[in-house]
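Trainee: Could you show me how to read buried residues, cores and salt bridges in a protein model? I would like to go through them step by step.

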Amino acid sequence: MAEMKILAIETRDKDQIIDITDTVARYLHDVQQESGLCTIFVPHTTCAVTAMDLDPGTDLDFLEALRRLLPSIRYRHPHDPAHAPDHILATLIGPSLVVPYAQRRLLLGTWQRLVLVELDGPRRRTLHLTCFG
């Protein structure tokens, strides 16, 4: 049986990395299954989730590198062409992540942190956490 929680995350910048590792870890303290998989999903098209190193400055390096990946083309997004790159970058990173856990602890690598990647802030974002045993 899966357990689900919905959280709200407030972003404050146009492009921003928000560490959600501790938020997800706190959620695991309350789940029934001691071990399993935790899915993290954002139901938005201009933000994403991933795991990354968060040494000082790596968040800014990541955001700058993302923006430099985009070609200088004429975007055709009917709503707002200037907004198209935000959608493209979010799609490249992805809206979900699955992380294993054991004894209610995330099984992350030494330097891995779970992050929300905001690409069209500031906004209020929804995070769906679901654990499967």
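Trainee: Is Thr130 buried or exposed?

Mentor: Before answering, please note that this is a predicted model, in which local features need pLDDT of at least 70 and side-chain atom pairs count only at pLDDT 80 or more, while totals for chains, interfaces and linings use all residues. Residues are numbered from 1 along each chain as its sequence is written, and side-chain values use heavy atoms, with hydrogens and water left out. Buried means under 20% relative accessible area, exposed means over 50%, and partly exposed lies in between, with a 1.4 Å probe and protein chains only. Thr130 has a relative accessible area of 12%, and is therefore buried.

Trainee: Where is Thr130 found, and which residues does Thr130 touch?

Mentor: Helices (H or I, at least four residues) and strands (E, at least two) are DSSP runs, numbered from the N terminus, and Thr130 is found in strand 8. Contact means heavy atoms within 4.5 Å; not counting residues up to four places away in sequence, Thr130 touches Ala2, Glu3, Met4, Tyr27, Leu37, Cys38 and Thr39.

Trainee: How many residues does the largest nonpolar core have?

Mentor: A nonpolar core is a set of buried Ala, Val, Leu, Ile, Met, Phe, Trp, Tyr and Cys residues joined through side-chain atoms within 4.5 Å. The largest one here has 22 residues, and Ile20, Ile40 and Leu127 have the most contacts inside it. Among the elements that each supply at least two residues of this core are strand 1 (3–10), helix 1 (21–28) and strand 8 (124–132).

Trainee: Which residues meet in a salt bridge with Arg67?

Mentor: A salt bridge is a side-chain nitrogen of Lys or Arg within 4 Å of a carboxyl oxygen of Asp or Glu. The side chain of Arg67 meets that of Asp15 in such a bridge, at 2.7 Å from N to O. Asp15 lies in the loop between strand 1 and strand 2 (16–19) and Arg67 in helix 2 (residues 58–69), so this pair ties together parts that are 52 residues apart in sequence. Arg67 also forms a salt bridge with Asp86, where the closest N and O atoms are 2.9 Å apart. Salt bridges that share partners join Lys14, Asp15, Arg67, Asp86, Asp120 and Arg123 into one network.

Trainee: Are Arg67 and Asp86 buried or partly exposed?

Mentor: Arg67 counts as partly exposed, at 24% relative accessibility, whereas Asp86 is buried, with a relative accessible area of 3%.
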